[in-house]
Amino acid sequence: MIVIIDYGLGNVLSVLNALTAIGCQAIISNKKEDILNASKLILPGVGAFAQGMKNLRERNLIPILNNEVLVKKKPILGICLGMQLFVEKGFEEGTYNGLGWIKNSTVEKIIPSDSNLKIPHVGWENTTHKENILFEELPSDSEFYFVHSYYLKCCEEFITSTFNYAGDFTSSIQVENIYGTQFHPEKSQKNGLKLLKNFVNM
Amino acid sequence: MVKKRLILTLLINQESFVNSRNFKIQNIINLETIVEHLNFEAIDELVILNVARNEKKLDRFCEHIKEISKNCFIPIAAGGGVKSVDDFNKLLRSGADKIIINTSAIENPSLISDAKNFFGSQCVIVSIDVKKNGSGIQEVFSHNGVVNTNKNVFEWIKTVEQLGAGEIFLTSIDMDGIGKGYDIDLIRKAVEITSIPVIASGGVGELSHLSKGLKETDVSAVSLANLFHFIGHSLVKAKKHLIQAGLDVPEPLWNF
């Protein structure tokens with residue numbers, strides 16, 4: 001059973017719909033026992049960084065997640081803001097601490113070198129990925145759907161794919177059992193469903 | 001580089017899908033009869049608007065979004081009658097991925113910044129309905145295109161951008177449902193003065209209008225809303241047309 005963590009932010013039903021479509025059993029929950037019993041976790045996200053951390057704190061989810069992810073090494077997939085919350089510091093409208101799961105990582109505003117490019121970065125974009133379990137059987141220039149103004153910055157070895165928007169930006173990461181995508185696999189047609197399947201089946 | 005998007009806009013009035021002509025709506029087909037047959041593979045994004053002219057019942061609208069989103073794996077932007085951050089959340093929990101506001105942004109501009117602080121600006125789409133007045137000035141109308149706010153569209157775009165909107169859904173009431181193509185001047189100027197993405201809406205009657213919109217302006221997405229585009233393979237044809245016109249749109253994963 002996969003638990004989609006409900007922290008009061010995010011398109012949780014879209015994520016559940018996608019998992020249902022690939023035949024995966026999943027629930028939306030923030031109950032401690034559900035999270036403890038889950039085989040894998042998904043931290044979805046459509047939200048602002050500060051609000052995301054505040055909502056996790058208010059629901060007392062941080063100690064539970066720290067234990068499941070850092071101690072028990074349960075696989076977790078963060079989507080969009082969900083992934084961004086894994087960092088040490090977020091610079092969206094101020095400076096805020098994140099979950100701190102990825103060393104020397106930050107979330108920063110996308111500033112493309114071409115000032116004609118629109119921000120937020122919205123739409124379908126080709127990504128370039130390394131060999132990674134999440135991208136198994138997906139061609140290297142696969143398209144995914146992005147909608148964001150901020151991106152995750154971290155050490156090169158954790159970055160599993162990038163996209164180009166007058167500059168290269170992180171589109172996915174992996175640190176051991178911690179996975180994250182900046183794009184929305186639940187909204188990226190067949191490529192996204194395949195990626196979710198890869199996460200579910202690993 | 002991010003691709004141009006082909007968007008289908010679904011207009012919902014109570015229990016029906018509707019067509020609109022200069023914002024006069026006509027019920028076309030009952031939702032229930034068509035929902036299962038919707039195929040979203042040829043399009044890149046879906047916009048769903050509650051265009052009920054009397055009370056816009058949000059809970060019922062959320063039910064519709066739940067149904068439509070069940071088998072829809074492209075982004076859904078939904079709106080119509082959204083008045084609060086709570087309403088944003090209700091729709092996001094019903095299968096929407098981005099939220100559209102219009103009249104409520106005009107009546108209560110701080111909703112834009114409140115929603116931005118909660119959900120991030122990428123989740124906040126401001127829909128703007130405009131009509132040209134006698135002296136050629138494009139004015140913003142609220143309440144389903146009925147009330148003239150006397151706001152200049154370009155000033156309003158700058159205002160909502162500063163407040164934290166993440167996208168503009170720009171509809172020309174004059175061109176809506178007429179089938180003569182987009183108001184190119186309006187879109188071109190809107191794109192020029194803002195740094196957030198603009199979606200062009202209102203006027204598509206034939207496929208060449210879609211490519212014209214993308215070629216003659218730097219708009220991020222083109223929307224079509226006539227329900228007859230649903231019928232047969234019209235959406236597939238629309239996508240094919242854009243690819244053949246050399247536009248950088250997402251490549252479909254199915255065979256033509």
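Which residue stands opposite Ala77(B) in strand 5 of chain B? In this predicted model, that residue is Val47(B).

Strand 5 of chain B covers residues 76–79, and both of its faces are covered. Ile76(B) and Ala78(B) are buried on one side, while Ala77(B) and Gly79(B) are buried on the other. Strand 5 of chain B pairs with strand 4 (residues 45–50) of chain B in the parallel sense, over four bridges. Strand 5 of chain B also runs parallel to strand 6 (residues 98–101) of chain B, to which three bridges join it. In that pairing, Gly79(B) stands opposite Ile100(B) of strand 6.

Strand 4, helix 2 (residues 58–69) and strand 5 of chain B make a right-handed β-α-β unit. Strand 5, helix 3 (residues 85–92) and strand 6 of chain B likewise make a right-handed β-α-β unit.

| Strand | Partner strand | Bridges |
|---|---|---|
| Strand 4 (residues 45–50) of chain B | Strand 5 of chain B | four |
| Strand 5 of chain B | Strand 6 (residues 98–101) of chain B | three |
| Strand 5 (residues 89–90) of chain A | Strand 7 (residues 106–109) of chain A | two |

**A helix pair in chain B**

Helix 6 (residues 153–163) and helix 7 (residues 184–193) of chain B have axes that come within 10 Å and cross at roughly 35°. The crossing of helix 6 and helix 7 of chain B is right-handed. Helix 6 contributes Phe154(B), Ile157(B) and Lys158(B), which meet Lys189(B), Ala190(B) and Ile193(B) of helix 7. By class, the residues of this contact are four nonpolar, no polar and two charged.

**An open sheet in chain A**

In chain A, four strands form an open sheet with mixed pairing, in the order 6-5-7-10. Strand 6 (96–97) and strand 10 (150–153) of chain A are the edge strands, each pairing on one side only.

**Contact between the chains**

Between the two chains, 34 residues of chain A are in contact with 35 residues of chain B. On the chain A side, helix 1 (12–21), strand 8 (121–129), strand 9 (143–148) and helix 6 (189–201) each supply at least two residues. Helix 1 of chain A gives the most, with six residues. The side of chain A that touches chain B has 15 nonpolar, 13 polar and six charged residues.

Definitions and conventions
Residues are numbered from 1 along each chain as its sequence is written. Chains are lettered from A and ligands numbered from 1 in the order in which they are written. This is a predicted model: local features need pLDDT of at least 70, side-chain atom pairs count only at pLDDT 80 or more; totals for chains, interfaces and linings use all residues. Axes are lines fitted to C-alpha atoms, for helices over the stretch in contact, and angles run from 0 to 180 degrees between N-to-C directions. A crossing is left-handed if the near helix is turned anticlockwise from the far one by less than a right angle, and right-handed if clockwise. Two residues are in contact if their C-beta atoms, placed from the backbone, lie within 7 Å. Ala, Val, Leu, Ile, Met, Phe, Trp, Tyr, Cys and Pro count as nonpolar, Asp, Glu, Lys and Arg as charged, and the others, Gly among them, as polar. A residue is buried if 20 or more other C-beta atoms lie within 10 Å of its own, exposed if 12 or fewer, and partly exposed in between; C-beta atoms are placed from the backbone. Two strands pair if DSSP finds at least two bridges between them. A crossover is right-handed if, with the strands pointing away from the viewer, the path from the first strand over the helix to the second runs clockwise.
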